[in-house]
Amino acid sequence: MSTLRLTQNNRHASPARPALSIANFRDSRPGVFIGGAVVVGALTIALLNLLLTILTSNAVYELSAIQKEKKELTTTTQILSEEVDSLSSQQNLANAAAKLGMISNANPVFLRLSDQKVFGKPKAALNADGRVARNLVPNSALVQQSNAAELIAAEDATLTKASTPIATGLTGATTSQTALAAGVVKAVSATTPVVSSGAAIPASPTH
Amino acid sequence: MAYLTPGDPKSRGKWVMILVAGLCVAFSIRLVDYQVIQADAINKTSYENRAVTRTLPALRGEILDSTGAVLARTVYRYDINAAPSKVFPVSRKVNGQSVMIPVEQIANEIATILGLTQADVMTKISGTGEYSQIKKRVDAESYRKIRSLNVPWLYYDPIPDRLYPNGAVAGNIIGYLNNEGQAVEGIETSFNSCLAGVDGQESFEKGVDGIKIPSSTVTTQKAVNGRAVHLTINADLQYFAQQVLTSEVSRLRADWAVATVIEVKTGRILAAAEAPSVDPNEPGKVGIDDRGARIFRFMFEPGSTLKAITGATAIDQGKATSTTRTIAPFGWVVPGTTYRVTDSHQHGDDKLTLAGVLRDSSNTGIMKIGQAVDYRTRYTYLKKFGLGQKTNAGYPGEEAGLLNNVNDWDGIKKYVSMFGQGVSVTPIQSAMMYQAIANKGIRLSPILVEGCEDANGNLQRTEVKPGVRVISEATAHSTMDMLEKVVEQGGIGKTAAVPGYRVGGKTGTAQIAKGSSGYSGRYAVSFIGAAPAEDPQFVVAVTVYKPRTVSNSIGATPSFKRIMQQLLRTYRVPPSTTVSANIPTEWK
């Protein structure tokens, strides 16, 4: 109603005024357009901000979970390192060797390949000094020790495994000389070669 | 419209506007109060509620042996704590159903993992407090087991702790930390600047759920981890030497024993073994004297091992050769005094060469040959051999030994110093004297620490002083020839022989000084030698202190032999292919 009245009043007040056009209407209300754009823009920014905040929050929880997993893995690494440290300590190795009946031989013998000369007098390793045969050096960090029964079982398993191809080779040898030769060659090539470096005595491939 | 809205619309609108304006003013006042007047206080309280500041611990560097084996590393231990006020039964899913586990059962589970009793745990979690420590420094495996119980009223503090995986192997050298994590002994102390890192610090804000608020972390200081120190010690060899010494200390009922192994051509210390020795994981289990390295700190009169130095001095000065003849009586009065020096065993007038004097370790013989060299010159040689000076190998609290100013030498000292009395040395000094002889007359500085890694993991080698020529190469060669005769022919020396190898060495049975004057009835027995004599690679110096079952070097030679044997085998030194020089030890 008011609008109609206003329009009528305007018509009476200024009859000579040119007719309204769309362009003129726009020119007369530039603020509406700008205001609308600002509102839409603000809403868009707010929405984007909300979206980013949600995404960031999710990422933070994900990051937190990953950090927790990292912490767990670090703890696992530490547990395993301590286990390895303990098992590879001199004290554990000495105890394990003693349990397996191993005795250090005090009479090293060296063979010089260049002239096939033997240095030292080979003697059987004897348990002549029981005091050094067992571990005497304390280690309170020795939390994990080798199990002698497991070691012996592992040794037996290795021996059984190793003896199988040898037996096969021998069976072949009884039937044919060629087969024996082939078996020997195969066995030799399977071992680590000992390389001579002139007059120097080569290091043993075993440790 | 009018009948639906009683009263004056204009007036009503005015009142509404006034009300809205009033509310706006009130809100504005409150807003200004919060945003301006109280802003700082509110921000502070709010930040304090959200903010967390924590230390970022720096990990201490590792100590490694010459093969890279870890001798010391830092691990995390965990303090297991509880909040007694929040202790209540714990809900668990059993067969898909929620079951409340009573506190007593939880306490029993905790006790089983931590090696405590249920009663212990119950005592610690009872009460109304917010904090109670159940167990300190629990290992990672137990910590994980405890955490898997999912008990909400337990919480954990990770504490960096030092672990020495090989226990007492080289414990005397490595040192240890105190309960506060500060280095108090050994390499841990002297290389603390390399090993210790710098703790960092970070601040962040957390939400109600304890999770960090995004972008709130402010690292005020980044943690810098410590760097690794590489030793020259071979841990396997060190272990072997400690085994041998421990066995011998027990057999001889001695106070202690030490063995030093030196690589002749580099001066690197491959083993610095002692028995007893400290396990740095539990330093309190041994007495304070056994927690450090006697090799660098204990001073004693070297005794007869110094005769080789007197002989080398006489040869180097052109006053004698290995075949110089003398008549060595049982007793001999020091010229200008009434002090009579005797040999350790009864004998007549022995006709010995200088080589024979060393073989028989004759006090009278060495004085009669050694007196040809002016005592001031001999003093100079002792200094050149390293007496009276620290070796600066890198061990803290090292002693310099005792070599009094030559101007203070009295008539007796001028003579008894020739067979190792009136001066004192540390075991490392003794070993380095023989290193000089074995290294063609050049004394090197002993090296205990190969170096410290830099931030990129590259090894920064320890600065090593250049070697010092002490005697000529010919003198060194001649002295080694004489030392071989000690092992080939000497009554005790023979027990140091290593089959297949040429070995040169010298016995030493030193009286132990008692206070400022006189000697106690016990001895420090030593044997120092090098092998293979034709091209010495290693020096091994063994000293056994106050053995009860023997009173001469027979207490030291078995250890020397075993360690040298192991050394030659470990480093794959082929047996000797030549024979020793043909030097007469006696004459007619």
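**First stop: two helices from two chains**

Helices α3(A) and α5(B) are oblique to each other, a class that holds angles which are neither under 35 degrees (roughly parallel), nor over 145 (roughly antiparallel), nor from 65 to 115 (roughly perpendicular). Their packing angle is about 140 degrees, and their axes lie 9 Å apart; axes are lines fitted to C-alpha atoms, for helices over the stretch in contact, and angles run from 0 to 180 degrees between N-to-C directions. Helices (H or I, at least four residues) and strands (E, at least two) are DSSP runs, numbered from the N terminus.

This is a predicted model, in which local features need pLDDT of at least 70 and side-chain atom pairs count only at pLDDT 80 or more, while totals for chains, interfaces and linings use all residues. Residues are numbered from 1 along each chain as its sequence is written, and chains are lettered from A and ligands numbered from 1 in the order in which they are written.

Select A:Thr75, A:Gln78 and A:Ile79 in α3(A); these meet B:Ala140, B:Glu141 and B:Arg144 in α5(B). Two residues are in contact if their C-beta atoms, placed from the backbone, lie within 7 Å.

Next, select helix α5 of chain B, residues 140-147, whose buried residues are B:Ala140, B:Tyr143 and B:Ile146. A residue is buried if 20 or more other C-beta atoms lie within 10 Å of its own, exposed if 12 or fewer, and partly exposed in between, with C-beta atoms placed from the backbone. Viewed down the axis of α5(B), the buried residues fall within an arc of 120 degrees, so they line one face of the helix; the arc is that of the directions from the helix axis to the C-beta atoms. They pack against α3 (30-88) of chain A, and also against β3 (70-82), α3 (103-114), β6 (132-138) and β7 (154-163) of chain B.

From the N terminus on, its elements run α-α-α-α-β-β-α-α-α. Of its 207 residues, 8% are buried.

Then select A:Pro108, in the loop between α4 (90-99) and β1 (110-112) of chain A. A:Pro108 is buried, with 22 other C-beta atoms within 10 Å. Leaving aside neighbours within four places in sequence, A:Pro108 is in contact with A:Gly120 and B:Arg569. A:Pro122 is 14 residues from A:Pro108 in sequence and 7.1 Å from it in space, C-alpha to C-alpha.

How many residues does the contact take from each chain? It takes 36 residues from chain B and 33 residues from chain A. On the side of chain B that touches chain A, the elements giving two or more residues are β3, α5, α9 and α18 (557-570) of chain B. The largest share of that side, ten residues, comes from α9(B).

Strands pair if DSSP finds at least two bridges between them.

B:Ser526 has B:Thr543 in β23(B) as its bridge partner.

Now select the open sheet of three strands, β1-β8-β9 (chain B), where the pairing is antiparallel. β1 (51-56) and β9 (218-221) of chain B stand at the edges, each with a single partner strand, so one side of each is left without a neighbour in the sheet.

**Last stop: the nonpolar cores**

A nonpolar core is a set of buried Ala, Val, Leu, Ile, Met, Phe, Trp, Tyr and Cys residues joined through C-beta atoms within 7 Å. In the largest, of 130 residues, select B:Ala259, B:Val261, B:Val539 and B:Val540, which touch the most other members. Helix α9 (residues 235-252) of chain B gives the most to this core, with nine residues. Apart from it lies another core, of 15 residues, including B:Val87, B:Ile134, B:Tyr143 and B:Ile146.
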